[in-house]
Amino acid sequence: MAHSAPKHRQLPDKESKLFRELLTQYELKQYKKGIKAADTILKKFPNHGETLALKALTLHSSLPEPLTVSAVPKKEEAENMARLAIKKDITSHITWHVLGILAKSRKDWDEASRAFAMARKQDPDNIPLIRDSIALLTHTRQYPAALAARHHYLLLRPQIRSSWLALVIAHQLNGDLDEALKVFEDYQTTLKEEGATGPEKSQILLHILRIYIEAGKDQEGLEKLRQGVRDGVISPRGECTLLKAQMLANLGRQEDALQTYQELLEQNSDNLEYYKGYLQKKGIGLNAELTDDSRSKILDTLSSFAEIFPRSAAPRRLALDYSTGDKFRELARAYIVKGLERGVPSLFVDVKGVYTDAEKMKIVGEIVEEIVGKLEKDASLSNDDSISPPTMLLWAYYYLSLHLSYPLQTSPNYPRSLDLLNKAIEHTPTLPELYMAKAMVLKRSGDLLNAAYEMEKARLLDGQDRFLNGKSAKYWLRAGEIKKAEELLAVFTKKDLSPVQDLTDLQCLWFLQEEGDAYRKEGNLAMALKRYQALATVFQDYEDDQYDFHTYCMRRMTFGAYVSLMRYEDQLRSHPGYFNGALAAIEIYTQVFDDPSITEENFSPEEEAERKKQAKKAQKAEAKAKKAAATSGEKNDPPVPDADPTGIQLLKTETPIDDALKLWRPLERLAAERVETWLSGYEIFIRKKIYLAALKALKSAQSIAPSDPQLQYQILHFQKSTSSAELPESVKAVINSELPSLLTTTPEELSQSLGGNAKSPEEIYYAARGVFEVNGDKQQMKETLLKLGDEGVTPNIKYMEKSVQLLKIISPEDVEEVQKKYRARCPSAWVFTPSTEKETKRRDFEGGLEGFQGERYEEGKK
Amino acid sequence: MDIRQATIDDLIGMQNANLLNLPENYTFKYYLYHALTWPELSYVAVDPRGRIVGYILAKMEDEPSPNTEPSGHVTSISVLRPYRRLGLANKLMKQSQEAMVAHYKASHITLHVRKSNRAAISLYRDTLGFEVHAMEKGYYADGEDAYGMRYLFNKKSEVESTA
């Protein structure tokens with residue numbers, strides 16, 4: 001094309017040679033040399049657009065990741081240079097391609113798309129350019145455009161295997177399975193397959209089989225599968241056989257499918273899906289109401305599997321789900337005895353799955369009480385005089401303590417649980433699990449600080465165990481001891497980073513959520529928001545991580561995993577890690593909207609001092625960084641410091657509700673089946689005064705959980721807000737026609753009935769708010785809230801705390817009375833403990849811990 | 001506990017379990033790299049609530065030199081503390097090993113372990129049949145040495161009969 005190049009692009013031979021070298025140096029990552037070559041050309045031809053573009057790209061690629069202080073201006077320089085290059089040469093594919101690559105690295109998909117499109121206009125057949133475009137189009141889910149680009153690519157490179165196969169995938173992603181299979185057939189007749197490795201051939205065939213199933217072509221798929229196994233292209237282990245079972249089932253060949261599930265179980269007898277598939281193919285509907293007959297059939301099958309696979313717990317555990325009454329009692333006892341004999345710490349977590357059935361929970365309690373009773377008397381558990389291992393009683397105490405304090409119990413017995421654990425500890429004082437259980441029981445009773453001290457004892461027994469370390473840190477966070485938690489976590493994080501930085505870099509979701517919650521609890525909304533936003537950033541990174549795989553997987557031919565990745569990323573933010581953090585952050589944003597004064601920094605003198613210290617430290621660090629950047633190149637060039645270390649900039653946002661909406665949008669799309677999504681959406685839209693969206697949120701919530709207490713409150717709130725607001729007629733008309741179907745009763749009746757019959761803590765809390773919303777009667781609200789402390793209501797510290805917070809805003813004079821009643825109901829709840837007592841308690845715990853360390857140390861020496 | 005091949009949906013849970021349990025951690029992309037290169041080799045143990053309580057993250061040696069047989073490698077394996085004594089590590093390892101043989105014709109499997117981690121060494125050697133075949137000086141970021149351990153698949157029947 002050189003002969004047709006416009007004049008301003010032409011270079012004399014010497015520079016032209018340098019230019020080609022520059023291209024190679026960029027590809028070989030010899031960035032320094034590249035920049036030097038570019039500078040030599042630019043000295044003579046400062047307006048040469050393509051050289052400017054390549055220099056910008058080379059400079060940009062040479063920057064460190066994460067960006068350091070000294071690299072910031074260089075990045076800007078590269079960005080500006082890339083733009084200048086376009087101005088100098090607007091018809092060059094290189095200048096546009098480079099602009100696109102830089103936009104892509106900023107994750108500015110729109111600009112990158114436009115730039116790549118411009119570049120392709122200049123040079124439609126440029127292979128690297130098409131490849132980059134396909135990745136971007138796929139990443140931004142522009143499947144038809146990606147498909148067109150794939151097509152074009154195949155025309156240019158028909159002899160390459162992956163051009164064909166990638167086109168198959170492009171058709172699949174675009175939703176055209178028939179075309180995908182057709183391209184695959186063309187590929188087989190056009191290209192000989194030699195060259196592909198064994199694993200590659202296997203990946204290809206396995207994925208084609210998946211497409212056959214998706215396309216409903218089970219018979220053809222089955223034949224291909226058989227052929228593939230016969231020829232040794234695919235191994236019958238794992239997915240291949242599972243696909244076979246599915247195809248057989250789809251073809252109505254239940255008997256063969258059953259046999260195939262049997263084969264799968266022989267490969268892996270701990271896979272629950274295989275058992276469920278087997279039982280289903282046996283014609284026993286698992287989801288339907290079970291008849292006694294099918295129940296006993298299932299149990300027979302499971303019992304024979306238990307014999308065939310003696311090392312697998314699955315058939316014995318599944319039997320607990322499907323049995324009832326005396327049969328359940330018999331099976332559960334055998335299962336529990338076996339677990340206690342082996343000292344399996346997870347036995348409770350395993351068995352408690354059946355507790356959703358209150359009858360089964362009761363039976364399990366009776367079984368374990370009976371075991372404890374017998375073992376305490378040294379009696380044998382069976383009639384054959386066999387002796388139980390001495391640790392069995394200890395594990396029985398452990399189980400029973402968790403059982404008695406389990407939140408589903410109407411009246412959890414915390415004192416007895418602790419008593420049992422103390423007995424176990426007397427027997428074996430060095431087992432961390434016993435202290436962990438104590439911590440859990442205390443946590444359930446609301447005694448968060450005591451719980452943290454017990455968890456710390458568990459940690460002290462095995463300081464090398466990261467699991468115990470993390471648990472202890474988590475319990476400190478829950479008790480509000482943020483600093484202590486961070487100090488502990490530092491034991492296992494990188495030494496040259498703060499533990500928070502390291503855990504953030506490593507995308508440690510639990511930590512970000514827990515520390516955010518801890519900050520929120522102590523009223524530091526700025527830091528809480530910072531942690532929740534860090535969570536949102538982690539999920540953004542999870543999304544961005546897929547980018548390289550659009551190209552990589554086509555090369556590695558791992559199509560099945562790739563298509564799952566695409567589907568997974570599309571619903572990524574339905575993950576509870578995102579969900580919980582986003583909901584919490586949204587609540588903070590609505591708080592800021594309601595009362596912007598909470599963003600004003602109101603600190604106690606100690607906090608003020610601490611803040612000043614931190615600010616000084618940050619300032620120093622920045623000054624040092626700047627200095628280092630100015631004096632040296634590579635060494636001592638620190639990463640760009642956090643511009644908002646305290647989160648205050650986040651909190652002081654001018655647009656809290658828009659920030660909330662940004663976090664909420666993915667939930668609307670991906671967690672639409674959760675009532676919380678719509679409850680949270682309502683709080684956003686009502687504040688934005690977008691009444692129809694608020695109405696839609698209420699309607700969606702109602703279709704999911706019509707009796708949700710918070711929803712009942714929101715309906716009342718909506719009615720009141722819209723009745724007093726000035727609305728356009730059209731909006732009013734919609735509300736007037738829709739609202740009656742939301743309000744099943746009049747507001748007065750609703751609040752009355754909620755107030756009267758409410759039993760669950762959540763119902764009581766929102767009934768109180770509803771009452772106040774309707775009639776503004778503080779007295780009635782207080783009386784409703786007091787019910788949370790009644791004997792007949794399961795004690796719930798979360799709603800008690802929320803009630804106190806509510807009263808502090810609306811009716812501060814009632815706080816004391818209500819708090820007093822809650823305290824009488826939950827005597828060990830840390831939040832209701834007066835601060836004077838807190839200090840004494842804390843000293844006691846601290847003393848206990850010191851004594852504990854001393855004792856353990858002595859024992860260790862023995 | 002349910003034991004099954006890991007899918008893309010499991011990777012966040014695996015990352016979480018790894019961060020809870022072990023000092024050697026990786027960002028999400030590294031898990032993606034495993035799952036999108038050797039999708040059959042990683043396994044998870046899942047509790048009744050759907051929480052991942054154990055995992056094996058495994059791969060093949062990526063660029064085997066000619067004349068060497070395909071070799072599997074365990075990048076990371078762990079079981080959350082409360083879920084020990086169920087034999088989960090053993091089951092996860094077995095599933096992964098069988099997949100290595102079935103899909104990649106692996107002849108052996110290797111892993112690294114901290115020289116000081118006696119509990120892990122004993123698990124690999126006494127329960128899983130590995131043996132130390134090399135010492136790698138300063139393998140870990142903090143400078144600690146690693147033992148390279150290896151298990152040959154053709155010896156499998158022998159180990160199984162003694163287990």
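The chat below goes through the contact between the chains, then a sheet.

Reply: Note that this is a predicted model.

Me: How many residues does the contact take from chain A and from chain B?
Reply: Chain A gives 50 residues and chain B gives 47 residues.

Me: And what area is buried between chain A and chain B?
Reply: About 4,500 Å², with carbon and sulfur atoms giving 54% of that. A:Arg237, A:Arg466 and A:Phe467 supply 15% of the area that chain A buries against chain B, more than any other three residues.

Me: How many salt bridges are there between chain A and chain B?
Reply: The count is seven salt bridges. One joins the side chains of A:Asp462 and B:Arg81, at 3.5 Å from N to O.

Me: Which helix gives the most to the side of chain A that touches chain B?
Reply: α31(A), with five residues. By class, that side of chain A has 24 nonpolar, 12 polar and 14 charged residues.

Me: New topic. In what order do the seven strands of the open sheet in chain B run?
Reply: The order is β1-β2-β3-β4-β5-β7-β6, and the pairing is mixed.

Me: Why is one side of β1 and of β6 in chain B left without a neighbour in the sheet?
Reply: Because both strands stand at the edges, each with a single partner strand.

Me: What about β3 and β4 of chain B?
Reply: They pair in the antiparallel sense over seven bridges. B:Ile56 has B:Ile77 in β4(B) as its bridge partner. Helix α1 of chain B packs on the sheet, touching β2, β3 and β4 of chain B.

Definitions and conventions:
Residues numbered from 1 in each chain as written. Chains lettered and ligands numbered in written order. Predicted model: local features only at pLDDT ≥ 70, side-chain atom pairs only at ≥ 80, totals over all residues. Heavy atoms only, no water. Contact = heavy atoms within 4.5 Å. Buried area = accessible area lost by both parts, 1.4 Å probe. Salt bridge = Lys/Arg side-chain N within 4 Å of Asp/Glu carboxyl O. Helix = DSSP H or I, 4+ residues; strand = E, 2+ residues; numbered from the N terminus. Nonpolar A, V, L, I, M, F, W, Y, C, P; charged D, E, K, R; others polar. Pairing = 2+ DSSP bridges. Axes fitted to C-alpha atoms, helices over the stretch in contact; angles between N-to-C directions.
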